[in-house]
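Hi everyone, thanks for making time today. Let me put the model up on the screen, and then we can walk through a few of its charged pairs together.

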Amino acid sequence: MAERPEDLNLPNAVITRIIKEALPDGVNISKEARSAISRAASVFVLYATSCANNFAMKGKRKTLNAGDVLSAMEEMEFQRFMVPLKESLEVYRREQKGKKEARKDKDKKADSEEQDKSREEDNDDDDERMEEEEQNDEEEVDN
Amino acid sequence: MAARLSENRLVSLPLSRIRVIMKSSPEVSSINQDALFLTAKATELFVQYLASYSYKHGRGKEKNALTYTDLSHTAEECETFQFLADILPKKILASKYLKMLEKEKRDGEVGEGHEEDEEEEEEDEAVGDSVGS
């Protein structure tokens, strides 16, 4: 896959919002600081991925899984992330499961006359589904 | 609970973008959906941690700001963030750099006139570099 330089950066607006949530109200964030944090975040992803991949390889797996990422966080000395990450993961899994089941039901209905209506979904849902389907095509589901 | 950000979404960073970055790593073949989510979430936590730590330990807060220098200090002084040291180098004022050069010259000097001239020329170029960058 060809990557343009900007694809390895994270969206400025989102990064800025995350930073603001971490700081007291009204603190000014210089453009330089924001840009630096954005770069740091990209480097963090790379470092975490590399570290997680080592764990996967140790387990003789080709697919990175949740456990690998959690192990990577410990290795990188971000133990403080473990509890919030595990909590979030639980919520995420529930949400994904709920979506899958909702989709199964919709598909059943789509066989009858409600095919058009079921397409009027939130864009968000579509995007996430597309992503999931993309994932399922390419990746083994390995847990 | 720290699970949700103020927007009430579980994660704000786009998973597709995170995935692109992860895949740019040559040894990685595939990424499970949960792993992708966790990486995105961990990155958000990381951004918050880096920002709040730097603000707390830096001097920017004297002016109610988070500055690049605060971040660069964190990378240098805190072990957990040392992997960022190369991409967050300390900055130096051109005037300080000039003084450093002059001092080095004085320290190394054994009193040769024309050598001094040569060094001065180099010095100008070096200053040009640092001011320009």
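Let's start with A:Glu32, which is partly exposed at a relative accessible area of 40%. By that label I mean between the two cut-offs: buried is under 20% relative accessible area and exposed is over 50%, with a 1.4 Å probe and protein chains only. Before I go on, this is a predicted model: local features need pLDDT of at least 70, side-chain atom pairs count only at pLDDT 80 or more, and totals for chains, interfaces and linings use all residues. Residues are numbered from 1 along each chain as its sequence is written, chains are lettered from A and ligands numbered from 1 in the order in which they are written, and side-chain values use heavy atoms, leaving out hydrogens and water.

So, what does A:Glu32 meet in a salt bridge? The partner is the side chain of B:Lys91, at 2.8 Å from N to O. A salt bridge here is a side-chain nitrogen of Lys or Arg within 4 Å of a carboxyl oxygen of Asp or Glu. This pair crosses between chains: B:Lys91 sits in the loop between helix H3 (68-77) and helix H4 (94-108) of chain B, while A:Glu32 belongs to helix H2 (residues 31-58) of chain A. B:Lys91 is exposed, with a relative accessible area of 55%.

Now have a look at A:Arg93 and B:Asp34, a salt bridge whose closest N and O atoms are 2.6 Å apart. A:Arg93 lies in helix H4 (residues 82-110) of chain A and B:Asp34 in helix H2 (residues 33-57) of chain B, so this pair also joins two chains. Is B:Asp34 buried or exposed? It counts as buried, at 9% relative accessibility, whereas A:Arg93 is partly exposed at 36%.

Next, a pair inside chain B. B:Lys90 and B:Glu76 form a salt bridge, with 3.5 Å between the closest N and O atoms. They are 14 residues apart, B:Lys90 in the loop between H3 and H4 and B:Glu76 in helix H3. Both are partly exposed, B:Lys90 at 40% and B:Glu76 at 44%. B:Glu77 joins these two in a network of salt bridges. Over all chains, the structure holds eight salt bridges.

Finally, let's step back to chain B. Its five helices and two strands follow the pattern α-β-α-β-α-α-α along the sequence; these are DSSP runs, with helices (H or I) of at least four residues and strands (E) of at least two, numbered from the N terminus. Of its 133 residues, 44% are buried.
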